[in-house]
Amino acid sequence: MRYMSQEKQKKSNIVSYLAAAVAAGVFVLLDQQTKLLAVSHLKGQKPVILIDRVFQLCYLENKGAAFGLFQNQRMFFLINTVVILAVMIVLYGRLPRNKRFLPLRFCIVFISAGAVGNMIDRIRLGYVVDFFYFNLIDFPIFNVADIYVTCAVFAFAVLILWYYKEEDFERILHRRK
């Protein structure tokens with residue numbers, strides 16, 4: 001990549017962003033489809049027990065965050081989501097375009113898709129549709145977008161703490177275009 005012409009590098013960057021946007025879009029569509037299914041099959045119904053006393057599907061209109069935090073703070077969530085997306089886009093652009101940084105790129109795509117999936121609900125409905133519930137541990141009810149964000153943030157933390165080295169961070173922080 002170091003010896004690539006500026007025109008080829010620009011094309012490569014555009015293709016990389018487009019691929020990430022398409023992937024995130026597919027994941028957002030999957031999230032939105034599961035929420036539509038939850039609304040049509042779970043809203044106003046008794047929970048669907050998948051594993052007795054362990055896991056069930058039940059409809060919840062969540063106007064806050066996990067554990068009931070920030071109830072009815074719609075503008076806070078929208079601004080927060082825009083900031084997170086901006087940070088993800090900048091970070092994505094700063095990552096070197098090689099296999100070593102591909103896991104971080106995947107994390108960014110999933111975090112962005114989850115953020116957008118829940119933002120769509122907040123804008124369109126004023127709340128987020130949640131429907132997965134682990135009653136064995138009384139875990140907050142969640143959705144597919146939440147799974148994207150939680151798993152990606154966990155993977156991101158593991159990568160940052162144990163996989164990437166100081167010289168990798170130097171490459172990201174001091175990248176020249």
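This briefing describes a predicted model, moving from its first helix to its sheet, its nonpolar core and a few individual residues. Residues are numbered from 1 along each chain as its sequence is written, and side-chain values use heavy atoms, with hydrogens and water left out. Because the model is predicted, local features need pLDDT of at least 70 and side-chain atom pairs count only at pLDDT 80 or more, while totals for chains, interfaces and linings use all residues. Helices (H or I, at least four residues) and strands (E, at least two) are DSSP runs, numbered from the N terminus.

**Helix 1**

- Helix 1 covers residues 6–42, which makes 37 residues, and spans 53 Å from its first C-alpha to its last, close to the 54 Å expected at 1.5 Å a residue; the expected span is 1.5 Å times one less than the number of residues.
- Among the buried residues of helix 1 are Gln9, Asn13, Ser16, Asp31, Gln32, Thr34 and Lys35, together with Ala20, Ala24, Val28, Ala38 and Leu42, where buried means under 20% relative accessible area, exposed over 50% and partly exposed in between (1.4 Å probe, protein chains only).
- The cover over these buried residues includes strand 1 (48–51), strand 2 (55–62) and strand 3 (128–133), as well as helix 2 (74–94), helix 3 (102–124) and helix 4 (144–163).
- Aspartate 31 belongs to helix 1 and is buried, with a relative accessible area of 0%.
- Not counting residues up to four places away in sequence, aspartate 31 touches Gly117, Asn118, Asn143, Val144, Ala145 and Tyr148, contact being defined as heavy atoms within 4.5 Å.
- Just after helix 1, glycine 44 adopts a positive phi of about 75 degrees.

- An open sheet is formed by 3 strands in the order 1-2-3, with antiparallel pairing; two strands pair if DSSP finds at least two bridges between them.
- Strand 1 and strand 3 stand at the edges with a single partner strand each, so one side of each is left without a neighbour in the sheet.
- From one strand to the next the twist averages 30 degrees, with axes taken as lines fitted to C-alpha atoms (for helices over the stretch in contact) and angles running from 0 to 180 degrees between N-to-C directions.
- Strand 1 and strand 2 run antiparallel and are joined by 3 bridges, and valine 48 stands opposite leucine 57 in strand 2.
- Strand 2 and strand 3 also pair in the antiparallel sense, over 5 bridges, and glutamate 61 has valine 129 in strand 3 as its bridge partner.
- Strand 3 is largely enclosed by the rest of the structure, because 6 of its 6 residues are buried.

**The nonpolar core and phenylalanine 131**

- The largest nonpolar core has 29 residues, and those with the most contacts inside it are Leu104, Phe131 and Phe132; such a core is a set of buried Ala, Val, Leu, Ile, Met, Phe, Trp, Tyr and Cys residues joined through side-chain atoms within 4.5 Å.
- Two or more residues of this core come from each of helix 1, strand 2, helix 2, helix 3, strand 3 and helix 4, and helix 3 gives the largest share, 6 residues.
- Phenylalanine 131 is found in strand 3 and is buried, with a relative accessible area of 5%.
- Leaving aside neighbours within four places in sequence, the contacts of phenylalanine 131 include Thr34, Lys35, Ala38 and Leu42, then Gln56, Leu57 and Cys58, and also Ile141, Phe142, Asn143 and Val144.

**Asparagine 143**

- Asparagine 143 lies in the loop between strand 3 and helix 4, where it is buried, with a relative accessible area of 0%.
- Its side chain makes a polar contact with the side chain of asparagine 118 (3.1 Å), and a polar atom of the asparagine 143 side chain lies 2.8 Å from the backbone nitrogen of aspartate 146.
- A polar contact is a pair of N or O atoms within 3.5 Å; within protein, one must be able to donate a hydrogen and the other to accept it, and residues adjacent in sequence count only if both atoms are side-chain atoms.

**Positive phi outside glycine**

- Most residues other than glycine have a negative phi.
- Arginine 53 has a positive phi near 60 degrees in the hairpin of strand 1 and strand 2, which has 3 residues between the strands, and arginine 53 counts as exposed at 63% relative accessibility.
- Aspartate 138, in the loop between strand 3 and helix 4, has a positive phi of about 50 degrees although it is not a glycine, and aspartate 138 is exposed, with a relative accessible area of 56%.
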